[in-house]
Amino acid sequence: DCSGDSRRRVAPEDAGCAMNALTARLAIAALSASLDLAGLLPAMLHPGKRVNHALRDVRDASRGRWLERRVIESRWQSFVLQRYVLGLDESEMRLFFEERVRYEGPTWPLDERRPLILAAPHYGAAGVGFLAAVHRMHRRRPINLFIDAGIPTRQLAALFEVAGLDLSRLMSGFAGSVEAARALRRNECLIMMPDVFGQGCQTLVVPFFGRLMRVAAATAFLALRTGALVVPVFATPGANLTLRVLVDTAIDARRFAGDDDQQKIFMLTQALFSRFESVFRFAPEHWHGWERLPGTSTPIDPAYRLDYDEPLRVLRAKCDALPHLVQEIPELDLIRKEHAWIRTR
């Protein structure tokens, strides 16, 4: 995320595209009746077919005709749900989050008086999911948006504006990172989407579905600089304009000790993306990043099935067999502890 360097407010530019309840329900019903016809569309117009094509060389990912249909369903339901929520007023929106959203996972991270990063991939109805998590916090702290510019950013800003929340947009880049760190040190909340990165951004590679994938380092960097809790959030649309929001187990940046900053950034990022992978395995149709995966990752050799923590498991076995390695390279012990924590979570 490296395109600009200032803080500014964002107006709800997309609110004019909102749907009322009747229109939204008709749109959902129209999808159910046209899924078979959608299968006749060429891949250029069919996101499910494009996802299937992108996954042909990803040996650890599920694919098939069933995935094509579910991708269409997820993206259309997410689009309609977001447009519907944009059409609600502030009181109606609060009622929506109380009655039509099913929350899962621990709530204590949202109540902690510590710097908080809500980190979510472009997954399902991510924008509405962020707003639902903020609603669950009872609006107790200022909210800052730190993702790259574009239509999804404007839509997310519009959602917060309609909800009556004061959202600060932190333009990415060096100055934006400084502002983000200051906001976290004030115990504010930072919203980030770590599964994309802009040109010139600092990246690293982590194991992901049997591949090494380039990812942005900003989430881990900011968390480690401020001692923040990183809370993964996943939002999946349901039937009849409902939403399931999973608030996953928090990743505590203070748990990553050691002298090597780069190693700590890698370990925290790997822990975060292992959470992403475990959720994607269960419901792959909701992630919007499959089509980018072949271009941002490379297969791991040799060609065999690789569980998300296999590199750490192999490294731990080597360290157990050769104890002198840990004495000579103390950082290896940090990686072993990281693996043990992931296996027992």
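What share of the contacts in the chain with a separation of 6 or more comes from residues 24 or more positions apart? The figure is 77%, with contact meaning heavy atoms within 4.5 Å. The model is a predicted one, where local features need pLDDT of at least 70 and side-chain atom pairs count only at pLDDT 80 or more, while totals for chains, interfaces and linings use all residues. Residues are numbered from 1 along each chain as its sequence is written, and side-chain values use heavy atoms, with hydrogens and water left out.

The chain holds 14 helices and twelve strands; these are DSSP runs numbered from the N terminus, helices being H or I with at least four residues and strands E with at least two. Of its 345 residues, 52% count as buried, that is, under 20% relative accessible area with a 1.4 Å probe and protein chains only, as against over 50% for exposed and partly exposed in between.

Now for one of the sheets. Strands β7, β8 and β12 line up in that order as an open, antiparallel sheet, where two strands pair if DSSP finds at least two bridges between them. Since β7 (203-208) and β12 (297-299) stand at the edges with a single partner strand each, one side of each is left without a neighbour in the sheet. On average, neighbouring strands here are turned by 25° against each other, direction ignored; axes are lines fitted to C-alpha atoms, for helices over the stretch in contact, and angles run from 0 to 180 degrees between N-to-C directions. Between β7 and β8 (residues 211-216), which run antiparallel, there are six bridges, and Phe208 stands opposite Arg211 in β8. Helix α10 (residues 261-282) packs on this sheet, touching β7 and β8, and its direction makes about 45° with that of β7.

Next come the aromatic rings. Rings of Phe, Tyr and Trp (its six-membered ring) pair if their centres lie within 6.5 Å, with planes under 30 degrees apart counting as stacked, over 60 as edge-to-face and the rest as tilted. By this rule there are 16 aromatic pairs. Phe96 and Phe97 make an edge-to-face pair, because their ring centres are 5.3 Å apart and their planes stand at 70°; both residues are buried. Tyr123 and Phe234 are edge-to-face too, with centres 5.8 Å apart and planes at 85°. Tyr123 sits in the loop between β3 (116-119) and α6 (126-136) and Phe234 in strand β9 (residues 229-238), so this pair ties together parts 111 residues apart in sequence. Tyr123 and Phe234 are both buried, and they belong to one aromatic cluster whose members include Phe208, Phe273 and Trp287.

Some rings also have a charge over them, meaning NZ of Lys or CZ of Arg within 6 Å of the ring centre and within 35 degrees of the ring normal. The charged end of Arg136 sits over the ring of Tyr103, 4.5 Å from its centre, and that of Arg255 over the ring of Phe256, at 4.2 Å.

Leaving aside neighbours within four places in sequence, the contacts of Arg75 include Pro47, Trp287 and His288.
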